[in-house]
Amino acid sequence: MKKFITGTIIGLLLSSSQVLAQTLTLSPNLIGFNSPEGENLLLTSRSREDFFPLSMQFVTQNNQAYCGVASSIMVLNSLGINAPEIPQYSPYRVFTQDNFFSNEKTKAVIAPEVVARQGITLNELGGLIASYGVKVEVHHASDTSLEQFRKQAAENLKQKGNFVIVNYLRREIGQEKGGHISPLAAYNEQTDRFLIMDVSRYKYPPVWVKTADLWKAMNTVDSVAKKTRGFVFVSKI
């Protein structure tokens with residue numbers, strides 16, 4: 001039954017009308033979530049508390065620079081944070097990529113037109129999410145280690161009510177091409193792989209990546225920030 005339920009969710013995630021029928025070919029070091037092996041990695045994971053809430057909020061980024069915004073609203077909606085009201089959903093509230101910047105505190109971190117042009121840095125990601133009154137911990141890869149990241153992220157994924165978003169350089173894990181941001185949904189202890197819920201669903205499916213490869217991709221310098229990429233933890237205060 002569990003395998004059937006998980007398989008059904010995988011189908012729903014990857015057959016959305018928002019997703020192109022054909023995504024780019026994965027390199028051999030990555031395991032697509034939409035594969036029997038990828039499904040089994042989730043079934044055998046003991047660190048997957050974030051998978052189901054994130055899958056309920058999984059979105060495709062609105063443009064090629066909005067990966068950080070898409071990741072942020074997935075996490076804020078999963079936490080049940082009170083969202084700005086928008087006419088088309090009133091009286092219900094939900095975070096969307098269109099209303100994310102309706103908060104003046106958010107705009108003070110970085111303007112939406114700037115994000116649409118160049119994306120965001122790790123620190124800007126943390127500041128944007130924190131503007132909605134949640135607890136955010138920003139970790140640059142240069143300030144931590146592979147072992148610390150593995151331990152902290154895996155432990156986070158065992159717990160409800162907190163989330164991990166990673167900022168990494170795609171080409172270091174065998175993808176095209178520059179910096180990217182997406183949430184982590186699970187960790188498989190047997191294979192030492194994390195599941196990235198890639199918000200550029202028109203380009204790649206969610207993938208299982210080796211921890212060492214993901215760490216290497218985070219431990220790269222962002223040319224805008226002049227600092228290494230890394231990861232953030234997000235939870236309610």
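Visitor: Which residue forms a salt bridge with Glu85, and how far apart are the closest N and O atoms?
Guide: Arg93 does, with the closest N and O atoms 3.3 Å apart. Keep in mind that this is a predicted model.

Visitor: How many salt bridges turn up in the whole structure?
Guide: Six. One of them joins Arg170 and Asp198, with 3.0 Å between the closest N and O atoms.

Visitor: Why does the Arg170 and Asp198 pair tie together parts that are apart in sequence?
Guide: Because Arg170 sits in the loop between β3 (162–169) and β4, while Asp198 sits in the loop between β5 and β6. Those parts are 28 residues apart in sequence.

Visitor: And are Arg170 and Asp198 buried or exposed?
Guide: Arg170 is buried, and Asp198 is buried too.

Visitor: What does Glu172 pair with?
Guide: Lys216. That salt bridge has its closest N and O atoms 3.6 Å apart. Glu172 lies in the loop between β3 and β4, and Lys216 in helix α9 (residues 211–218). Glu172 is partly exposed, with 27% relative accessible area.

Visitor: Switching to the sheet. What is the strand order?
Guide: β1-β6-β5-β4-β3-β9-β2. It is an open sheet of seven strands, with antiparallel pairing.

Visitor: Which strands stand at the edges?
Guide: β1 (31–32) and β2 (134–140). Each has a single partner strand, so one side of each has no neighbour in the sheet.

Visitor: Zoom in on β5. Which way do its residues point?
Guide: β5 covers residues 193–196. Arg193 and Leu195 point one way, Phe194 and Ile196 the other. All of them are buried.

Visitor: How many bridges join β4 to β5?
Guide: Four, and the two strands run antiparallel. β4 spans residues 179–188. Ala186 has Leu195 in β5 as its bridge partner.

Visitor: What do β4 and β5 form, and what is the phi of Asp192?
Guide: They form a hairpin with four residues between them. Asp192, in the turn, has a positive phi of about 55°.

Visitor: What about β5 and β6, how many bridges there?
Guide: Four bridges, again in the antiparallel sense, with β6 at residues 207–210. Val207 in β6 is the bridge partner of Ile196.

Visitor: Now the packing. Which residues touch the most other members of the largest nonpolar core?
Guide: Leu76, Phe100, Leu125, Leu195 and Trp208, in a core of 42 residues. Elements that each supply at least two residues include α2 (36–43), α3 (51–56), α7 (122–130) and β9 (230–236).

Visitor: Which element gives the most to this core?
Guide: α4, with eight residues.

Visitor: What does the second core include?
Guide: Leu146, Leu184, Phe231 and Phe233 are among its 23 residues. That core is separate.

Visitor: Last one. Where does Val224 lie?
Guide: In the loop between β7 (221–222) and β8 (227–228). Not counting residues up to four places away in sequence, Val224 touches Gln118 and Thr121.

Visitor: And how far is Val224 from Gln97?
Guide: Their C-alpha atoms are separated by 23 Å. Along the chain the two are 127 residues apart.

Technical notes
Residues are numbered from 1 along each chain as its sequence is written. This is a predicted model: local features need pLDDT of at least 70, side-chain atom pairs count only at pLDDT 80 or more; totals for chains, interfaces and linings use all residues. Side-chain values use heavy atoms; hydrogens and water are left out. Buried means under 20% relative accessible area, exposed over 50%, partly exposed in between (1.4 Å probe, protein chains only). Two strands pair if DSSP finds at least two bridges between them. Contact means heavy atoms within 4.5 Å. A salt bridge is a side-chain nitrogen of Lys or Arg within 4 Å of a carboxyl oxygen of Asp or Glu. A nonpolar core is a set of buried Ala, Val, Leu, Ile, Met, Phe, Trp, Tyr and Cys residues joined through side-chain atoms within 4.5 Å.
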